[in-house]
Amino acid sequence: MSGLHIPGKVLPVGIICLTALLAQGCEPTAPGLGGAQPLANAPATGSAAPLSDATFDALPIDDQYRVVNKLLATLYNGVSVEQFYELDSANAMQRRRASAPTLASIRARLQVELPAGERQRYDQEIAGDENILDAQGDPLEPTYHFDRNRPKQMPLARLYHYPLSRDAFSQWMAWHLANTILFSPAEEIDSADITDVQNLFRRLDLSIMGKQSVRAMIATHQNSVQNWRRFRSPEDNTREMMEIYLGIFDNDEEVPLASQACQDLYLTDEADGYKLAYTDYPNTESVLVLDQYVLNCRDFYDVVASHPLVIPRVVSVLVDYFFAGHSVDERLAITQAISMSNPITFEDIFLTILFSETYLLDTERARSFEESFLPMAKRLQWDAHPDVFKGMVSGSGSLGRADMQEMGWPTMSLKLGRVAAIPLDSLSFGNYHKALRESLMLDSRRWRLALGVEQPSAPSPRPVEPLKENATTREVASYQADVDEYNAAVAELTADERAEYDEALSLYEQEAFLYRQIDDLTVPQLLDYLFLSAIQRRATETERTALSNIFYANDHLDEEFANAFVRSGRQDDVALITMDYLSRLPELYFMPRLR
Amino acid sequence: MNRRDFLKRASLLGIGATAPTLFGVPGFVNQAAAMPILDSADYQLPGVMPQVINVFLYGGPSELAGNLTNMDLINRNSQNPYPEALRRSVSDGGQVTRHGFWADAGGNAMEDMLAAGDLSVYRTINRRKNNTRAHRPSVFSSLKGSLAIDAAPGMGSTLAALMNANRELLNGSAQLRGKQLNQLVLPFISFEGSSTAFVRDPDGNLPLHLRGLSLDEQFDNPYTRSRNDHDIELEALIAKVVDNAQKIRYHKVAEGFELRRTMEQLIGELQTAADSPLPSPPPIAPGVLDPDVDPATGYLAYPGNNRFSGRIKAAVTLAIENQDSMFITVGGGLGGWDDHSSAIEDYVPRMNQVMEALRVATKHIRYSDSDFGGTRKTDNIVIKVHGDFGRNVNLNNSEGWDHGNNQNLYTLGGTAIRPQYALGKVIGKTNVFGPANQNRQYTEPASDSYEAEPLAIASTVYKYFGAMNPKALTRDNDMNPNGDDAINETYAPEPPTSL
């Protein structure tokens, strides 16, 4: 039965929807526009109004860097100092690079889907593929290692490995939703397992990519076996649907009625594989629930999915997380502003939140571990450890210390999803700090080269260093001899060797260029570079003085230049001390408020 | 306008028109908090300072493990039948123990503890006020000791505030063994990470050392810092940079850093204690070892392959080794006891695991006492075991139990802080209500039975610690203006069950 019942007659769902549409009820048939522009008729206003490009452009450059990184950090991403600022010594970190990401460019990239072939290639790089050969002709090795919890680890790997795109954005949205009360697969309970995680997450991702509405996604989910494996009896299931999707917690008198409508469904036991099955005893009498007559479970689920409270409720769940730190009144105002913009898809809601002025400029809240670790890894251009996602999700492998479960932040596991507030009790935070500090910020072997604080190794034959502007005649002659020798050595390479050499040389030249730029920075400039990389602000005078004293005491400064520069080859030592210091700052663990 | 009227109007007018009202619906956003009035608790130093371990069974455990007294009617009315053994006594090959417990669901262990005077079972913890069968309000009200679930701090925080408010009486007292309140080490501990029991009052200024801290059951030490070559210099700089304004602005993380160094050392000491052997109890008869003793070592041993053993052992070890730990919470993930389907096959071994772990815990406590060679009296250690709510007694069509109300409180140990005859008994009797062959079948306290609200558990804890008017700490203006009294532990026991 696909209609809703009122006494004496059946009202087709279509008519019900027409009525409910006036109350933003049922699924509208308007074509999806997708992307950053909300599907809704009007952009959000008031507390959820977007930060305009003009306002962004008017911000001081360091604030722009903070805003961009706040936005990207929320998306588990980041932009390095080198990618954002000009680094030449005359204007080091004073000007934005032409290619630096801005709000507008990020917004645009979130709308662009990866070509199918490209996405497939990224997936092959992530998981490896023995049928594909790499540049050296060997089977393609996996970039990351996985274990039995791969369905939980793969989304993070994709988020980290995919370029900024709608595909990555969809993974991120699905990740958030699957970790909230709205769609958690609740893997912790006996009746759910890792295949439920896999199937539920995949369904969320496909629905988002397919531009399905919030209501359609809720309707589909309610009817799924994953929902029944989480809420396992008619009474449990119907109670929770009203609580989770409508925010109605005091409806005990209607639970037995809704449960009666769902009496034809049950979950088999463990021996029978926890399947969703029919009892063969359907309800035969319409019951009044939420002011609608319903006969069966599908009717009830339709009433929930088309209910006027659905949108404000799901918005409020997300607002509670992203705007934690704001007062109740402020969160209510934000929830109201977003709801009144008539969002249709979760993408509409997320985009409104992410690009809102209130979020980008006025919100200060604790970062989740994903929001700290992964963006920091991007900003430091960390050569990702292949066990990183095994560690974060399962606590296994070489990065087991990064286990989010130990931080009170398990993945897609909790029956009622993660709570809105990041757990910062002593044990959770102890694990958080230790993992961020020791697995990333002090793991300088994996970032010092890309960050430009270690001199890169040149490929052989070693290219000749550029001639200095004030070179002597003798130096010019020597340089020419070196170039001739180098050219002769390159000419002796075979074609295959030459191709491999050219690739290595290209990488080396990039690394060497950055290294030379960093090598030219004064101690205060180098500190600013490191501070901006980790914490998106420059060092204060107190910090500059104290850290310089530590560098001096440890013989890291170059006396030849009156200690104004770091000694050659010691930049990584200085960076390590600085990262250790920054890991101890409370502000590192918060999304910054700019005003 | 009631909720139904409201919904009707909302659907007629559209969300825009009703939005301001809409957002007032409970659950839309988290609310702020406020501390109960501490002065009205009338504090007096307790004779002995208690140590309370609060074991919370998230999800809401069925009462049946501790109460098969209504099983004939329950089975007759249930949509699906119960095993026949639940209506026969153990002496007749069934499952019903002398006091009406479910033998395989921890009932045998409960009988042992009852006989040893270590346990009392209250069968009628029943929510009359603001009766809800939803997890969130039930968990929150139980762990906050208040029906104002969005507006109250956790019971651990209330307790800490009560003690802090009365620190002049406590400081240097014999009850604190001459210590100052601010010298106590790890006084409020969670073994469940971030716990509702330690939700703070944002307006209250609870000192750092009285705030809830969390440990894990292995006493793992994440507070250490490796590769810490410049610690002194860097910490000196941090002390300059992280000023009071920053400490307030980033208070939770700043506190975490402040506590880290202290914890680093303390955890190391606890690890040593946890690795030491447990006490060795005397034989129960000549040549017959206590069944909870490992014959290979002669020492007590918590059951292996038991998901509750580790946490309960850790909590008891902490309480014994560190007399400063006054309130310890133990819990787990929600869903553990939410037996909506396949209930019997999961619930029976799980409840048995809890009770067998608790039986060892009671012996761990007793044989650590100075009467048995320990370093101090341990009869101040109390364990309370309860959950969100009880469950319906109908076996639904998924062979499970849906959310109910009436539940058991299992309370163990702590003879020094309870009235005489408080332990070794079963309190409260129940009747079955609800139409046959429908889901809503449940027990309620019999009309002549003792009963208590779930908030009475928090009230009892406050009373142990010296609140003379503990119900004042559970009250709120809207739903519970009078508050709830502590449990009456002198109530006469029910007689053993006869079948």
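1. The model is predicted, so local features need pLDDT of at least 70, side-chain atom pairs count only at pLDDT 80 or more, and totals for chains, interfaces and linings use all residues. Residues are numbered from 1 along each chain as its sequence is written, while chains are lettered from A and ligands numbered from 1 in the order in which they are written.

2. Chain B is assigned domain 1 (49-214 + 281-474) and domain 2 (218-276), with bounds that come from an automatic or database domain assignment. The C-alpha centres of these two domains of chain B are 33 Å apart. Their contact takes 8 residues from domain 1 of chain B and 8 residues from domain 2 of chain B, where two residues are in contact if their C-beta atoms, placed from the backbone, lie within 7 Å. On the domain 1 side, helix 11 (residues 309-321) of chain B gives the largest share, 4 residues.

3. An open sheet of chain B is formed by 8 strands in the order 4-3-5-1-6-7-2-8, with mixed pairing. Strand 4 (213-214) and strand 8 (425-427) of chain B are at the edges with a single partner strand each, so one side of each has no neighbour in the sheet. Helices (H or I, at least four residues) and strands (E, at least two) are DSSP runs, numbered from the N terminus, and two strands pair if DSSP finds at least two bridges between them.

4. Strand 1 of chain B runs parallel to strand 6 of chain B, joined by 7 bridges, and N54(B) has K384(B) as its bridge partner in strand 6. Strand 1 also runs parallel to strand 5 (residues 327-330) of chain B, over 4 bridges, with I53(B) opposite I328(B). By contrast, strand 6 (residues 381-387) and strand 7 (residues 407-412) of chain B pair in the antiparallel sense over 3 bridges.

5. Is strand 1 of chain B buried or exposed? Because 7 of its 7 residues are buried, strand 1 of chain B is largely enclosed by the rest of the structure. A residue is buried if 20 or more other C-beta atoms lie within 10 Å of its own, exposed if 12 or fewer, and partly exposed in between, with C-beta atoms placed from the backbone.

6. N70(B) lies in the loop between strand 1 (51-57) and helix 3 (71-77) of chain B, and N70(B) counts as buried because it has 20 C-beta neighbours inside 10 Å. Leaving aside neighbours within four places in sequence, N70(B) is in contact with T430(B), N431(B), V432(B) and T443(B).
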